[in-house]
Amino acid sequence: MHELSGKRFVASYSGGKDSVLALHRAKKLGLVPIKLITTYNTDLNRSWFHGIPEPLLKRTADSLALPIELIKTSGAEYEKNFENALSAAKYDGAEVCIFGDIDIDEHLEWCSARCRNVGITPFFPLWQEERKKLVYEFVEAGYSAIITTIDTSRMSAELLGHKLDAKTLAEIEKSGVDVCGENGEYHTFVYDGPMFTQKVRFSCGEAITLDKYAIMPLLV
């Protein structure tokens, strides 16, 4: 049994595949979720990095049967506001915060420092596992996600809006790009799977280009 089994945790939840797989893994290890926290860009009025609007985040949390706290923050206040949210989660009983990072040391150090500063234990259920193995585990576990953002300096925009399934993963691999997208090649939105009580309803707007990014806007 994992040493953290039975501990209550808050999940740093982006809405993408890695944060979902980390939550999935943590629950299987016997940890008990009490809340999701998601950083929310107050300038763009969407979540940081994955661009999910507030109503859709709340709809997702409802399907996961967990409360969600949006950390509404600018870039300048990001670190302080993240720690404030961790402190609130600790007050609510969380002993652990889980993250979906895989193998980028800077991410490990940043997340660990935020937890250390408020006295909560960081846990990385996917840490240093093979990237390809993890993304196929996500798909084979029965989760559904679409590609919502592509860094066109790293990867062709042609897969924008595609479901992340075995066929799409094969296309990504064929292009020579990291199939897991851990370096920011692409981002996803997860809308269904084993932990969801029902499929999350959403629609997609017209694709847009912002600097080097191709983006499929998510609509409620």
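Author: The second largest pocket is lined by 24 residues, and those nearest its centre are Leu-44, Phe-49, Gly-51, Leu-210 and Ile-215. The model is predicted, so that local features need pLDDT of at least 70 and side-chain atom pairs count only at pLDDT 80 or more, while totals for chains, interfaces and linings use all residues. Residues are numbered from 1 along each chain as its sequence is written, and side-chain values use heavy atoms, with hydrogens and water left out.

A pocket is an open set of points, on a 1 Å grid over the protein atoms alone, where a 1.4 Å probe fits, with protein on both sides within 12 Å along at least five of seven lines; lining residues have an atom within 4 Å of a point. The second largest pocket holds about 520 Å³ of space, a volume being the space filled by probe spheres set on the points, which are joined across faces, edges and corners.

Strands E3 (46-47), E7 (144-151), E10 (208-210) and E11 (213-215) each supply at least two residues of this lining; strands (E) are DSSP runs of at least two residues, numbered from the N terminus. With 3 residues, E7 gives the most. By class, the lining has 10 nonpolar, 9 polar and 5 charged residues, where Ala, Val, Leu, Ile, Met, Phe, Trp, Tyr, Cys and Pro count as nonpolar, Asp, Glu, Lys and Arg as charged, and the others, Gly among them, as polar.

Phe-49 also lies among the residues nearest the centre of the largest pocket, which holds about 820 Å³ of space.

Technical notes: Helices (H or I, at least four residues) and strands (E, at least two) are DSSP runs, numbered from the N terminus.
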